[in-house]
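Please look over the structure shown here with this short briefing beside you. The points are grouped by topic, so that each can be followed in the model.

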Amino acid sequence: MKYLKVFDKNLIQNGYLINAYEVERRRRINSDYEISFMVPMTSEDYKTKISIKGHIQDERGQFYVINSRGRIRDGKKLTSSIYCTHVMFKLTDFKFPYASYIDEAYGIHISQLTDAISAATGGKFKFSIDDSFDLHDVKDFGRGNCLQALNQIIKMYGCEVEPDNFVIHLKKKIGTNSGMQYRLKKNIVSSSFKDDGSSLVTRMFAQMKDGRTFIGIESSNLTPDELSLLNSVPGAIDNGRLAVNYLISPFAQYWSNTTNTYFDGELIEQDIEDPIELLKATRKALNEQDILTLEATISAADLFKIDQSQPIPKLGDTVLCIDPKMDMKNLSCRITELVEYPFSMEKHSQPTISNSTLQDYDDIISDLERAKNIVDNLFSNGKVRTEVFESFAKQAVIDINNSKTELIYPPEGGILAQEKTNPLEQVRLTSKGIGISTDGWNSIRAAITARGVVAEQVIGQLGNFVSMVIGSGNNVTKINTNGISSGHADYYSAPFRVDMQGNVIANSIKLMGQINNSEMNSSVINAGTIIGSLIKAGILEGGTITGALIRTAVSGRRIETSSQGFGAFDSNGVNRIAIKTSGDDTISALSFFGSGGSFAGEINSYANQGRMNIFSNDLFIGSNSMSNPIYFQGRSTFNGVVTFNSSVNGLSLGIGDINGLRSELESLKDQLSSLRSEFRGHSHSVNIGTHNHGNKENQNWGGTFTTSLP
């Protein structure tokens with residue numbers, strides 16, 4: 001497939017996006033699944049095929065929802081950037097039903113939860129459990145939409161998602177090991193490689209609900225390596241039972257130094273009540289953090305595009321990286337993120353390989369969204385809603401416990417709040433103010449002092465102010481009791497201003513949304529689409545008007561063009577001339593009707609024979625002036641009786657043009673020839689009696705005589 005397929009919101013295909021370019025697909029394990037591309041706004045692809053909440057399909061057969069269309073002007077070049085997400089993310093549009101909410105349950109199979117999500121979507125989404133997962137205790141499941149519920153399943157059971165349109169596969173680990181290699185001088189174009197030890201942990205402490213730990217459980221629950229490492233610590237094992245609430249990494253000795261014997265970390269799981277389950281969770285967390293985080297981003301030539309025998313990189317695949325000068329010596333990691341250009345031969349995939357799946361911003365926002373919704377729901381009309389206060393308090397405890405913040409009192413004074421998992425994230429409180437840093441206090445991202453507030457972003461609702469000023473001189477934006485103004489120090493001279501009543505004055509406005517119940521005067525509208533029930537204008541200029549009723553008057557004598565066809569109406573509103581779109585016959589006929597609406601006749605060209613027909617029960621063709629005759633040019637055929645009520649001039653008819661005339665004349669000719677032949681061969685005898693014509697000298701005159709031939 002060379003092009004993206006495009007579908008409408010009901011997954012009915014509209015064709016192919018032949019003008020789309022810079023098609024980029026980005027996928028990340030348990031995170032991003034998106035496609036973006038560019039398309040000219042002047043193309044039919046943009047005008048007729050791409051619509052919000054429509055769909056596209058890539059060469060893998062996967063559907064993506066068109067979520068946004070950005071517009072970009074570069075001189076006369078108009079371009080739209082399209083952003084799409086996989087149909088799996090439609091799960092956010094389904095609210096998990098309250099009736100299916102699970103407050104607390106024990107030993108739940110993963111399929112029980114996925115079946116609940118599938119039912120919440122009305123069966124639109126289905127799940128395939130491709131691996132076996134241990135039973136898990138479930139608490140507070142289903143508070144939100146179906147995507148949040150799926151995210152909760154992923155975290156509880158430690159599974160990975162591989163969507164196939166509306167069928168979502170859950171596996172312990174996606175991808176395979178097909179022997180894919182990224183090797184210098186073979187397919188590596190460029191690369192970057194980072195190893196990070198900022199979150200290294202070699203001794204993991206743990207606690208569960210109500211601050212309890214696994215102290216006191218039998219040491220037989222430990223693995224041989226865990227038991228050996230704890231036996232090396234005096235007092236860690238007492239009478240065959242654990243006396244400490246931590247596990248030690250087998251790499252602890254390698255990373256120990258004169259300053260740190262261990263690199264400590266802490267796991268707090270408020271949803272766990274069983275010490276054995278806490279031990280398993282601690283073991284898993286330690287295994288994930290007792291090694292360096294390795295991450296490499298590679299720009300690799302897609303050899304499979306020119307050689308089909310070469311392996312195709314897939315998300316989750318285990319690959320081998322070989323670039324010795326970049327310290328990548330037979331580095332074996334998984335593809336955790338994959339950027340692809342499936343329809344371009346010039347651009348190549350950019351895999352990110354890592355030994356861990358890092359949580360990104362979208363995942364963090366998804367986790368915090370429920371806490372935000374609880375806060376928003378806590379207050380209603382200025383009153384505390386007690387029915388949600390308990391939920392709010394519970395969530396606050398979870399968020400505080402999960403923050404992993406340590407308070408330090410530096411010698412220079414003040415209070416330092418430092419993140420345990422990332423010591424570079426710090427908040428300091430001194431008598432001069434509060435500062436926030438993310439790089440170990442080398443720089444300050446935000447601060448509050450007596451002089452004011454400094455921050456890259458200010459998010460939230462600000463209080464009451466007399467005036468706010470951004471800029472200086474006339475290059476300024478002001479918010480004061482007059483309203484909002486920009487472009488001039490004086491409010492009434494500013495080219496842009498909004499007063500307290502909502503009236504806007506601006507030199508130019510680019511609106512991306514709707515204009516409701518408004519009137520525009522002396523304006524030019526340059527737009528791709530104008531939707532409305534009534535548009536009044538002196539002159540309309542445009543390329544195409546589709547699906548509209550166009551008429552010269554509302555009633556009476558008028559001309560109308562609509563989806564029903566073309567019509568001419570008299571003063572009584574009777575349709576006298578029509579071209580109808582109801583069928584192929586009516587669309588090829590110009591029909592005429594009498595003043596009473598009865599059919600009078602039509603001009604049509606039904607058949608595919610290049611002929612035009614004029615039909616009527618009573619057809620009159622005439623000229624108002626005798627000096628201007630009616631002309632029939634070319635061969636004419638009259639299939640009925642023809643009556644001439646006046647003289648006919650210039651009529652030239654051959655014998656063959658008159659039916660039967662030739663045969664009649666031939667018959668007369670034959671008869672004349674027969675008569676002539678008989679006449680020429682005829683003779684007879686004449687008898688004349690004796691006579692003398694009164695002269696007695698004439699004696700014996702008379703007798704029988706034979707006539708001569710003619």
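In what order do the 5 strands of the open sheet stand, and is their pairing parallel or antiparallel? The model is a predicted one, and in it the order of the strands is E32-E33-E34-E35-E36, with antiparallel pairing.

**The open sheet**

- Strand E32 (467-472) and strand E36 (504-505) are the edge strands, and because each has a single partner strand, one side of each is left without a neighbour in the sheet.
- In general, the strands of a sheet pair through backbone hydrogen bonds, and this pairing can be either parallel or antiparallel.
- E32 pairs with strand E33 (residues 475-480) in the antiparallel sense over 6 bridges, and Gly-471 is found opposite Val-476 in E33.

**Aromatic pairs**

- The count of aromatic pairs comes to 8, and one of them joins Phe-7 and Phe-63, whose ring centres are 5.1 Å apart and whose planes stand at 75°, so the pair is edge-to-face.
- Since Phe-7 belongs to strand E1 (residues 4-7) and Phe-63 to strand E6 (residues 63-74), the pair ties together parts that are 56 residues apart in sequence, and both Phe-7 and Phe-63 are buried.
- The rings of Phe-94 and Phe-125 also make an edge-to-face pair, because their planes are at 80°, with the centres 6.3 Å apart.
- Phe-94 lies in the loop between strand E7 (77-86) and strand E8 (102-108), while Phe-125 lies in the loop between helix H2 (110-120) and strand E9 (126-129), so this pair ties together parts that are 31 residues apart in sequence.
- Phe-94 is partly exposed, with a relative accessible area of 24%, whereas Phe-125 counts as buried at 0% relative accessibility.
- Phe-94, Phe-125 and Phe-166 are linked by ring pairs into a cluster.

**Charges over rings**

- Arg-428 lies over the face of Trp-441, at 4.8 Å from the ring centre.
- The charged end of Arg-558 sits over the ring of Phe-569, 4.3 Å from the centre of that ring.

**A nonpolar patch on the surface**

- A nonpolar patch on the surface, with about 810 Å² of accessible area together, is formed by residues including Leu-407, Tyr-409, Ile-436 and Val-453.
- Strand E28 (426-430) and strand E29 (433-437) are the elements that give two or more residues to the nonpolar patch.
- Val-453 is found in strand E31 (residues 452-455), and this residue counts as exposed because its relative accessibility is 60%, where the cut-off for exposed is over 50%.

Key:
Residues numbered from 1 in each chain as written. Predicted model: local features only at pLDDT ≥ 70, side-chain atom pairs only at ≥ 80, totals over all residues. Heavy atoms only, no water. Patch = residues over 30% accessible without salt bridge, like charges linked within 9 Å, V, L, I, M, F, W, Y side chains within 5 Å. Areas by Shrake-Rupley, 256 points an atom, 1.4 Å probe, with all protein chains shown as cover. Salt bridge = Lys/Arg side-chain N within 4 Å of Asp/Glu carboxyl O. Helix = DSSP H or I, 4+ residues; strand = E, 2+ residues; numbered from the N terminus. Buried < 20%, exposed > 50% of the residue type's maximum accessible area, 1.4 Å probe, protein only. Pairing = 2+ DSSP bridges. Phe/Tyr/Trp six-rings, centres within 6.5 Å; stacked < 30°, edge-to-face > 60°. Lys NZ or Arg CZ within 6 Å of the ring centre and 35° of its normal.
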